[in-house]
Amino acid sequence: MDTRTQLAEPSPPDPAPPAAPDEPQAVRETLEDYTLRFAPRSYRRWTPMVVATTALGGIAYMADFSIGAGIAMAHGTGNALVAITVAAAIIFITGFPLAYYAARYNIDLDLITRGSGFGYYGSVLTGVIFASFTVIFFALEGAIMAQGLKLGFGLPLWLGYAVSTLMVIPLVIYGMKALSKLQVWTTPIWLLLMVGPLVYLVATDPGTVDSFLAYAGTDGEGSLNTASVLLGAGVCLSLIAQIGEQIDYLRFMPPKTEANRRSWWTAMVMAGPGWVVLGAIKQAIGVFLAVYVLSEVGPAAATEPIQQFRGAFDAMMPSWLVVPLAVVLVVISQIKINVTNAYSGSLAWTNSFTRVTKHYPGRMIFVLVNLAFALILMEADMFSFLNSILGFYSNCAIAWVVTVATDIGVNKYLLKLSPHAPEFRRGMLYAVNPVGVTAFTAASGLSIAMYFHAFGDTVQPYSPVAAVVIAFVLTPVMAVVTRGRYYLRRSDDGIPVPLLDAEGNPSAVTYDCHVCRQTFERPDLAACPAHDAVVCSLCLSTDKAGDHVLPAAPPVPLSGT
């Protein structure tokens, strides 16, 4: 076999064998919004602010109101607000490096994870975790919408679950182009309906603020204590994986230049880690509204957003308008977030499946799989044990996000043991990198054991803290122990044109993939060892025989100096 790996310049491809049977479908579908691959400059025509608005539209979910209310009902307002603040700080800090890498290098969180300590196949595990996140939160939002449909139209919950699931399918068939329009146009209405009642209640009845701050929880204690704060923070931290959905939009950011530098950074921070600021505010509003409607509906129903906003609207408008407006708010919120959940979940499932089987089944198949799993959870009444599900899940999500964020912030920038530029292409990465896989497995495993009282009741509330600390410590320790040797299977991809341009943005130089015969930009390609040509990342992923995969050529381990 010819083992040439160098190309002199971009040129027409050499004659190549016909594409594999499933490649035309894969190419056509992934080029709609560059599913599973690098998002090229030619596609990224949106301004930073349009991307940010679209990304922030995806956090219109109502679950925050339920989460905040649930914590307050159990532990009181004081503990709930401190827990929300602690969780928000952790989410912001860990989300910043992930959002930056997505916006700067135009890849999603799975592709970032591959090159940030997990390896080509190692990140399949985290891909499944993220897909599970989208299922859980789709089910949660669908359950909230079903509650609204029951109140507004008398639909039984089982039918409301089905309606909230099926109505998303037509909206999620298309990618970023359709979603950007949906999110931009619905966001002003959603904001008005969400903020208006709160402003009215505070302005017309200041006593509601005193009642809100004094609420001690259903147990009647409510005094600040570490266990209550950490238990509440653990529930809030289940949302840490939301950064993955933000990144599914942020990867379409335009190149960062001197001309757009300020707007680029503003958009990246606002729509990246900044999502949690709005999320924390919504959780606090959920506490406020739950306390406001508590005497009327009771502690169980007070955690339902439809009841919270029905009570708030009832104080400020005619009774005939109350329920319709509350239902409109719930439906808009559910559509805005669940198209994102279905879209991001389908990407995660498809990505993992394609890497393992080397076959691209089509994203719509996994849209349906995602929705089916979510519908099963809804029919099983997952809303009634929401905090238990989120408290358990948060340990896995925290371990993953903290591991990747630490690899970027510490291993790449401080220790310099991890390659600075992200890598995601098959052949360039080892199958498994022990740095991230070990840190993630240890952090999630031990914290889950703590959560289920394996080490006693005293330390059980500290399981989220354990997940953060173990992942943060073990990630650089493993990088030092392995001396960074398992990040890159080879350092030369066989293409002489630099991966990044003079401004540090991914190169816009194009080549034709000799397998699918489509044109792609430089970061999405690698040289083919069997032909004097290049192959795109998706064709590499679906290459069952491995004929197009470059041979191993381990680089010299990074010294960290």
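The side chains of E423 and R425 meet in a salt bridge, with N and O 2.7 Å apart. A salt bridge here is a side-chain nitrogen of Lys or Arg within 4 Å of a carboxyl oxygen of Asp or Glu. The model is predicted: local features need pLDDT of at least 70, side-chain atom pairs count only at pLDDT 80 or more, and totals for chains, interfaces and linings use all residues. Residues are numbered from 1 along each chain as its sequence is written, and side-chain values use heavy atoms, without hydrogens and water.

Both partners are buried (under 20% relative accessible area; exposed is over 50%, partly exposed in between; 1.4 Å probe, protein chains only). E423 has 8% relative accessibility, and R425 has 3%. R425 also forms a salt bridge with D493, the closest N and O atoms being 2.7 Å apart. This second pair links distant parts of the chain, 68 residues apart. D493 lies in the loop between helix 20 and strand 1 (510–512), and R425 in the loop between helix 18 (386–412) and helix 19 (434–451). Helices (H or I, at least four residues) and strands (E, at least two) are DSSP runs, numbered from the N terminus. D493 is buried too, at 5%. E423, R425, D493 and R522 are linked in a network of salt bridges.

The whole structure holds 10 salt bridges. One of them joins R310 to E296, with the closest N and O atoms 2.8 Å apart. R310 lies in helix 15 (residues 305–314) and E296 in helix 14 (residues 275–301), so the pair ties together parts that are 14 residues apart in sequence. R310 is buried, at 14%, whereas E296 is exposed, at 51%.

The protein comprises 21 helices and 4 strands. Of its 561 residues, 60% are buried. Contact means heavy atoms within 4.5 Å. Among contacts between residues at least 6 apart in sequence, 81% join residues at least 24 apart.

The largest nonpolar core has 139 residues. Such a core is a set of buried Ala, Val, Leu, Ile, Met, Phe, Trp, Tyr and Cys residues joined through side-chain atoms within 4.5 Å. Its largest share, 16 residues, comes from helix 16 (residues 319–357). L98, I112, F313 and W400 have the most contacts inside this core. Beyond its neighbours within four places in sequence, L98 touches L109, I112, I243, I247, V401, V404, A405 and I408. Another core, of 22 residues, lies apart from the largest one and includes V497, C513, V535 and L550.

Aromatic pairs number 22. Rings of Phe, Tyr and Trp (its six-membered ring) pair if their centres lie within 6.5 Å; planes under 30 degrees apart are stacked, over 60 edge-to-face, and the rest tilted. F133 and F137 form a tilted pair, 4.6 Å centre to centre with 40° between the planes. The two are 4 residues apart in helix 6 (residues 124–153), so about one helical turn separates them. F133 is buried, at 1%, as is F137, at 4%. F96, Y100, Y101, Y105, W264 and W265 form one aromatic cluster.

V473 sits in helix 20 (residues 463–482) and is partly exposed, at 44%.
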